[in-house]
Amino acid sequence: MNRQQEFVLRALDERDIHFVRLWFTDLLGYLKSVAISPAELEGAFEEGIGFDGSSIEGFSRITEADTILMPDPSSFQMMPWLHEDKRQHSARIFCDILMPDLTPSWADPRHVLRQVMNRASGMGFSCYVHPEIEFFVLKSLDTEGQRPVPIDAGGYFDQAFHDIAPHYRRHAIEALESMGISVEFSHHETAPGQQEIDLRFADALGMADNVMTFRYLVKEVAINDGVRATFMPKPFTDFAGSGMHTHVSLFEGDTNAFDDPNDPMGLSTVARSFMAGVLEHANEISLVTNQWVNSYKRLSGGFEAPIAATWSSGNRCTMLRVPRYMPNKSSSRRVEVRTPDPGCNPYLAFAAIFAAGVKGVEEGYELPPEAEEDVNLMRPKERKAMGYRDLPESLQDAIACFESSELMADALGEHVFEFLIRSKREEWARYSNHVTPYELRHYLSL
């Protein structure tokens with residue numbers, strides 16, 4: 001037994017933990033959990049916990065159902081107790097998914113991301129991420145297809161002392177930080193009821209775990225406060241959608257590989273090639289960073305959401321942006337990827353972004369010129385004439401781009417790659433065949 005495992009077992013005893021939640025994620029990014037007693041955890045560290053992998057979306061076929069959860073002791077954290085009794089009586093540990101022979105499962109999103117990070121590590125790089133996560137807080141999720149009701153009428157950076165929003169964000173941040181998840185900023189976003197909480201940067205795998213924990217806690221805190229939270233990318237037609245603007249960087253040891261003080265924008269050759277890789281493969285990774293039908297209503301609905309594979313230092317409607325808040329601080333040099341939304345599977349989304357960027361670094365891709373215009377105001381022909389390539393306009397378009405991508409097949413593995421194509425084709429078919437309230441309102445009386 002290693003020292004991390006010993007620490008976890010000792011902490012369970014000292015803190016009177018009643019049960020341990022073993023967490024993992026399916027391929028669509030849904031959190032899964034099984035609870036065990038502390039007495040069972042030592043055995044789980046040694047042998048894992050068996051479960052039926054064929055019952056989890058995309059994991060394994062019925063003839064290969066035996067699958068093992070292997071707890072990762074480095075992810076151990078106490079769970080906040082959000083109700084009347086303030087005892088912290090449970091903990092959570094993320095798990096890796098193994099096959100019966102103890103080899104990694106190719107259907108494990110953590111394994112997919114770890115493989116991409118290992119490839120970057122082989123080039124001398126560590127992958128870091130800092131996400132800005134937007135979401136709506138509503139009075140109810142039970143709308144029966146009707147327009148949801150936001151908890152407030154606030155706008156960008158509004159304090160709204162007498163509304164629930166600032167108190168809710170405080171409760172959410174307290175819950176997050178009690179689990180060791182550092183929050184950098186929080187504020188009201190542009191739309192009524194829309195909030196943003198930014199997590200302090202961490203390595204890509206740890207941050208993906210943090211995003212899954214974030215989504216769980218944000219919803220739990222909302223229920224505890226008598227409201228509801230949603231990570232749906234575009235719940236309102238006339239308001240901005242919710243994104244998960246993802247700041248990424250590569251480090252070589254303690255040195256930011258994206259920084260070059262002699263460059264006018266502070267960008268190194270590595271940073272420029274990384275950006276070029278993400279832009280070159282933007283359409284191929286879209287299915288992973290924006291995996292739902294609803295995702296494309298955010299990307300085509302204005303409000304500064306990107307519609308083309310472009311970059312800029314100050315233009316907020318581009319897909320990539322180079323923040324200039326602290327130009328003389330080398331450690332802060334990073335690239336903001338503005339396409340992902342909070343409904344993605346963070347493990348696969350981070351894997352796709354870094355796979356595309358690292359490919360650009362490996363191949364020495366050239367970064368195209370900066371987009372200084374408001375690309376969203378240009379007509380498609382104008383964008384094409386300027387050399388800007390439009391992003392997919394629908395889930396159907398994203399599937400087609402993804403399906404032809406050698407990069408995604410290699411980075412995600414054959415099993416995950418084929419599952420996503422199959423799953424998303426089924427989703428698009430269900431959506432296309434569904435008769436919507438819009439159609440009934442406009443065509444029923446013809």
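What percentage of the 446 residues in the protein is buried? Buried residues, meaning those under 20% relative accessible area (1.4 Å probe, protein chains only), make up 56% of the 446. This is a predicted model, in which local features need pLDDT of at least 70 and side-chain atom pairs count only at pLDDT 80 or more, while totals for chains, interfaces and linings use all residues. Residues are numbered from 1 along each chain as its sequence is written, and side-chain values use heavy atoms, with hydrogens and water left out.

The radius of gyration, taken over C-alpha atoms, is 22 Å, which agrees with the value near 22 Å for a compact globule of 446 residues; the globule rule is 2.2 Å times the number of residues to the power 0.38. Along the principal axes, the C-alpha trace spans about 65 × 55 × 50 Å.

The protein contains 14 helices and 16 strands, taken as DSSP runs (H or I, at least four residues, for helices; E, at least two, for strands). An automatic or database domain assignment divides the protein into domain 1 (3-107) and domain 2 (114-442). Their C-alpha centres lie 27 Å apart. Across the boundary, 25 residues of domain 1 are in contact (heavy atoms within 4.5 Å) with 26 residues of domain 2.

Towards the end of the tour comes a loop: V435 sits between α13 (414-433) and α14 (437-443).

Definitions and conventions. Buried < 20%, exposed > 50% of the residue type's maximum accessible area, 1.4 Å probe, protein only.
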